[in-house]
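Hello,

Here is the structure I promised to pass on to you. Please have a look at it first, and then read my notes below.

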Amino acid sequence: MADLSCNVAGIKAPNPFWLASAPPTDKLYNVERAFRAGWGGVVWKTLGMDPPIVNVSSRYGAVHYNGQRMMGFNNVELITDRPLEDNLREIKQIKKDWPDRAVVVSLMVPCTEKDWRFIINKIEDTGCDGVELNFGCPHGMSERGMGAAVGQVPEYVEMVTRWVKECSDLPCLVKLTPNVTDIRQVAHAAKAGGGDGVALINTINSIVSVDLDQMAPEPTIDGKGSHGGYCGPAVKPIALHMVTEIAKDPETKDLPISAIGGISNWRDAAEFISMGASGIQVCTAAMHYGFKIVDDMIDGLNNWMDEKDFATLEDFRGMAVPNVTEWQYLNLKYDIKARIDESTCIQCGLCHISCEDASHQAIREIKANGVRRFEVIDEACVGCNLCMFACPVPDCITMERVDSGKEFQNWTTHPNNPMRVEEN
Amino acid sequence: MTTIDVRAGRLSQEKLALNFADSHPPLDSGNAIVEANRCYFCYDAPCIAACPTAIDIPNFIRKISTGNLKGSAKDILSQNIMGGMCARVCPTETLCEGACVRETQDHQPVRIGELQRYATDKFFDSGETIFERDEATGKRIAVVGGGPAGLSCAHRLALLGHETVVFEARDKLSGLNEYGIAAYKTVNNFAQLEVDFILEIGGIEIRTNQKLGQEVKLDDLRQKFDAVFLSVGLGDVNSLGLENEELEGVYDAVDTISELRQSGNLAELSVGRRVIVIGGGNTAIDVAVLSKKLGAEDVTLAYRRGPEQMSATWKEQEFAQTNGVRVKHWVAPKSLQSENGHVCGIEFECTELNPEGKLVGTGELRNMEADIVFKAIGQTLVNSLDSATEMPETTGGKIAVNSKYETSLAGVWAGGDCIRSGEDLTVQAVEDGKQAALAIHRKLT
């Protein structure tokens, strides 16, 4: 049995699977159930100043894809709509009842030092393990100068983080919005302000769909809609890239990361940890299937770590980071060709048509005696992988390395590169 | 005292209603979308090649997945005007679904038939139209026989701007779709709804109770019309070649299926307690299952060869068995036994293939009791044709045609079960009608 315990910027938990700040963590009732199901921690749904905000009815807009219901969705919900004192009382209670679990409190108040000091003082009494500064929420609150409106300005991020750190010793995670051009600038600011770690990504600005009868975006609220934050498996590649950017950056490479973004299972979690995350947060998958999914997350990660002989998360954390490089350093001599296993080929022709219409016309169809087969033309195949992915049969098309494996040349020295450096 | 037990009303009305409900209930929209998304959208898809009417199957399925149901139905119906019926009665397991690459992959083909039904049902429900006729040509064509081949031909000719008159021997159009297919395969009077849809195009005049050689003569038609299309089907059934086939209780399966389809009250139909069906095709399966569904206690389907040689597909055989029909292979009827002029049993001889592969009797005998015996050993063209006037040449018991569906008589084309084009299937008949119409059109314009 591997040790799954994690430490994210000084916040400890028995496992790295935390529920992100969202509806699943907005009250004692849910969080109690989550802990009973096995979740290692929660980030309590964002608290704000009283009087509480109000929410609209019709809050989610879903993307259904190829028969898969709700493969992703967006939301226009705001922060907690319950009185501050109710939340504080329940946070105190849950921490008392579940001392080994991480209870982090997400916060969002107007951009004044007075308000931030007020809220920090309030939550210090709850016994929570840390705070998460919500600079990510892209809708509603951002119009009021909070959430992503702060997260998109590195100077504000640094300033508010500093206010928080000056008035509290609680570990402080700064939650970042992906709705920026360079996530590293904001991460630098979080670090400069004294933040103990970053949490990313928050949801992505989106309009999920248009109701073509009402001619209005969805979710539609009395005929109108607004942009909302998109989440779910589709955002994972974007989150993974942003986490990697921070993990690779010389200035932030040691900054603890709580990774968020489309994480649905243990494999996703392992990928984020291998890219440097100390822990992960889940929301969409739990909102779709309930808290029980954590069982496979814990079990699956455990089994995989045992198989790989990793005793702790630290044993593989960040292991993939050194292999992320820039395009110009990739080996141009590396050469692979598609290989079709005719014994498992079902003759759907997708390899042929995808290559024919969209790649390099390197797979020909051969018809003889009413049977057809598909043949790779090596001279034309550039090894792009398209046919392998288009093929519906696992392992029917594989890519075979055909270069010697001994040669290396990258773009920096390539003769076609006008900016090349001369090789010694 | 007689032991013969044939009577009506073996089952309650409730039970009968349940037994004769749709044997394959339609997909709902959620399942249709999930199923549509199982289609790989193959390049040069094998399912298209396996469809006698060459429907662009991946394309109509993709249109289901995007909610373009009108486009989907148009893809189907423009190739096969009876796409709705074919979705219900095609042996898809040997046609499109048999060729589906997912069958090759994991024996779970895309349920093409059910998807086709979904798209066409939704289209018919919408009440929309998709076809418009070309400019009138002034040409008139006589279509003899209002079954699938005839209606398909008439519809295509109408589309191309011709006028047609369909001469139908029976009361209703649609041929075996109306008279020859088990009721549970086509519920809610679907055959006639489909006829209404086909006739909606206009330019098709219908004359029923016009039997070739009686009310209507081929010579007259050839004189009065620019072309004639014969789609008379197969008017008679094969006989067992036994001595006393006229015994009471020995019936032709096609007659019983027809009677059942036209019956207003299933509880009034008589059925034997013990039923033996002789044959190995889909008609044999249909009459066996119908008997079971009407309340027969023991139904045996007796076939002189093995399961592989049956013309009923494996799926049809399985359907019979799950409905409680016993299938007995390798037995051939030797004599009919009777009691007071009513059949009461059959003596069978066991059969086998000799070393040369020829079917021979083994000499071993088996007796089986029966209250009713159904003959379902195929149909024949005899009596369908008009012997009083000049008729086209036949070959192998069917009307001879060339690749353009032309018969030996000038100006006379033929298609459907009365010619030998492919299997005797609705879908093949529809294709024959369509291709013959195109050939007639090319000839006339």
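In what follows, contact means heavy atoms within 4.5 Å. Please also keep in mind that this is a predicted model.

Let me start with the domains of chain B. The chain is divided into domain 1 (22-126), domain 2 (140-235 + 381-444) and domain 3 (238-375).

Next comes a pair of helices in chain B. Helix 2 (residues 29-36) of chain B packs with helix 4 (residues 57-65) of chain B at an angle of about 130 degrees, and their axes are 8 Å apart. Helix 2 and helix 4 of chain B are therefore oblique to each other, and their crossing is left-handed. On the helix 2 side you will find B:Ala32, B:Ile33 and B:Ala36, which meet B:Ile61, B:Ile64 and B:Ser65 in helix 4 of chain B. By class, that contact has five nonpolar residues, one polar and no charged ones.

Chain B also has an open sheet of five strands, in the order 7-15-9-10-11 and with parallel pairing. Strand 7 (250-252) and strand 11 (326-328) of chain B stand at the edges with a single partner strand each, so one side of each has no neighbour in the sheet. From one strand to the next, the twist averages 25 degrees. Strand 10 (residues 298-302) of chain B runs parallel to strand 11 of chain B and is joined to it by three bridges. B:Leu301, for instance, has B:Val327 in strand 11 of chain B as its bridge partner.

Helix 14 (residues 253-262) of chain B lies across strand 7 and strand 15 (372-375) of chain B, at about 75 degrees to strand 7 of chain B. Helix 15 (residues 282-294) of chain B packs on the sheet and touches strand 9 (274-278), strand 10 and strand 15 of chain B; its direction makes about 170 degrees with that of strand 10 of chain B.

Finally, chain A. Helix 1 (residues 28-37) of chain A and helix 2 (residues 84-97) of chain A pack at about 20 degrees, with axes 10 Å apart. These two helices of chain A are therefore roughly parallel to each other, and their crossing is right-handed. The contact residues include A:Phe35 of helix 1 and A:Ile94 of helix 2 of chain A.

Enjoy exploring!

Note on methods: Residues numbered from 1 in each chain as written. Chains lettered and ligands numbered in written order. Predicted model: local features only at pLDDT ≥ 70, side-chain atom pairs only at ≥ 80, totals over all residues. Heavy atoms only, no water. Axes fitted to C-alpha atoms, helices over the stretch in contact; angles between N-to-C directions. Helix = DSSP H or I, 4+ residues; strand = E, 2+ residues; numbered from the N terminus. Parallel < 35°, antiparallel > 145°, perpendicular 65-115°, else oblique. Left-handed = near helix turned anticlockwise from the far one by under 90°. Nonpolar A, V, L, I, M, F, W, Y, C, P; charged D, E, K, R; others polar. Pairing = 2+ DSSP bridges. Domains from an automatic or database assignment.
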